Amino acid sequence: MIWYKDFYAGDSMKKKRKRVKWKILHNAGQLDVYVITLSSNPANLLDIIPSWELMQKYYPKKGLFVVGVDKGYENAIELAGRIIMDVFQKTGNLDVRDYFLEKHRQQTRKGPVWKSCF
C-alpha cells in the first residue's frame with residue numbers, strides 16, 4: 001500500500017491524519033473510516049474502501065495508492081468529489097491517476113545532494 005505524501009483528509013480527520021494512517025497500516029480496527037484510493041479499474045477515477053475491509057488477511061493491498069481518508073461514507077464521497085475537482089482545476093482534465101502518480105514520482109525522486117565546502 002502506497003500513501004500519497006499529502007493525502008486528503010476530511011474536516012473531522014485533519015488533526016488525526018497520522019494516527020489514522022498508522023492504524024490502517026497496522027490493522028487496528030476503525031469503524032466508519034473510509035480510504036480513497038486510485039481506482040483498480042482504469043475506467044473509473046477513484047475507489048472508496050471501508051478501512052475494515054483492509055484488515056482482512058487476503059485483501060489485495062499491494063496495488064493500492066491511497067489519496068484520502070474520511071469518516072463516514074457520505075463524507076468520503078464528498079471528499080472524492082473534492083479531489084477530482086482539485087485535479088480538474090490544476091490540470092484541466094480528469095486524469096486523476098496520472099496526476100497523482102506524477103506528483104508521487106516528483107516527491108520521491110532523490111537528486112544529488114550538494115554540500116557546501118565552506
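Which backbone oxygen does the side chain of serine 51 reach? In this predicted model, in which residues are numbered from 1 along each chain as its sequence is written, local features need pLDDT of at least 70, side-chain atom pairs count only at pLDDT 80 or more, and totals for chains, interfaces and linings use all residues. Side-chain values use heavy atoms, with hydrogens and water left out. The side chain of serine 51 reaches the backbone oxygen of glutamine 30, at 2.9 Å. Serine 51 itself is placed in helix 2 (residues 51-54). Its relative accessible area of 5% makes serine 51 buried, where buried means under 20% relative accessible area, exposed over 50%, and partly exposed in between, with a 1.4 Å probe and protein chains only. Residues up to four places away in sequence aside, serine 51 touches Ile24, Gln30, Val33, Tyr34 and Val35, a contact being heavy atoms within 4.5 Å.

The protein contains 4 helices and 4 strands. These are DSSP runs numbered from the N terminus, with helices (H or I) of at least four residues and strands (E) of at least two. From the N terminus on, the order of elements is β-α-β-β-α-β-α-α. Along the principal axes, the C-alpha atoms fill a box of roughly 55 × 35 × 30 Å. Of the 118 residues, 35% count as buried. Among contacts between residues at least 6 apart in sequence, 62% join residues at least 24 apart. The accessible surface comes to about 8200 Å², and carbon and sulfur atoms account for 54% of that surface; areas were computed by the Shrake-Rupley method with a 1.4 Å probe, and for residues only the protein chains shown count as cover.

In soluble globular proteins, nonpolar side chains tend to be buried together. The largest nonpolar core here has 30 residues, of which Ile36, Leu46, Val67, Val69, Ile83 and Phe100 touch the most other members. Such a core is a set of buried Ala, Val, Leu, Ile, Met, Phe, Trp, Tyr and Cys residues joined through side-chain atoms within 4.5 Å. Two or more residues of this core come from each of strand 1, helix 1 (17-25), strand 2, strand 3, strand 4, helix 3 and helix 4. Beyond its neighbours within four places in sequence, valine 67 is in contact with Tyr4, Phe7, Tyr8, Ile36, Thr37, Leu38, Leu46, Ile83 and Phe100.

Helix 3 has 19 residues, which at 1.5 Å a residue should span 27 Å; the end C-alpha atoms are 27 Å apart, in agreement. The expected span is 1.5 Å times one less than the number of residues. Ala76, Leu79, Ala80, Ile83 and Val87 are buried in helix 3. Seen down the helix axis, these buried residues fall within an arc of 105° and so line one face of helix 3, the arc being that of the directions from the helix axis to the C-beta atoms. The face turned away from the buried side of helix 3 carries the exposed residues Glu74, Glu78 and Gln89. The buried residues of helix 3 pack against strand 1, strand 2, strand 3, strand 4 and helix 4. Just after helix 3, glycine 92 takes a positive phi of about 85°.

The buried residues of helix 4 are Val96, Tyr99, Phe100 and His104. An arc of only 125° around the axis covers these residues, which puts them on the same side of helix 4. They pack against strand 1 (2-9), strand 2 (33-38), strand 3 (46-50), strand 4 (65-71) and helix 3 (73-91).

Lysine 21 is located in helix 1 and is partly exposed, at a relative accessible area of 28%. With residues up to four places away in sequence not counted, lysine 21 touches Trp3 and Phe7. Lysine 21 and valine 35 are 14 residues apart in sequence, with a C-alpha to C-alpha distance of 9.7 Å.

The loop between helix 1 and strand 2 includes asparagine 27, which has a positive phi of about 55° although it is not a glycine. Asparagine 27 is partly exposed, with a relative accessible area of 35%. Aspartate 32 lies in the loop between helix 1 and strand 2. Phi of aspartate 32, a residue other than glycine, is positive and near 65°. Aspartate 32 counts as partly exposed at 39% relative accessibility.

Technical notes:
Polar contact = N/O pair within 3.5 Å; in protein donor to acceptor, adjacent residues only side chain to side chain.
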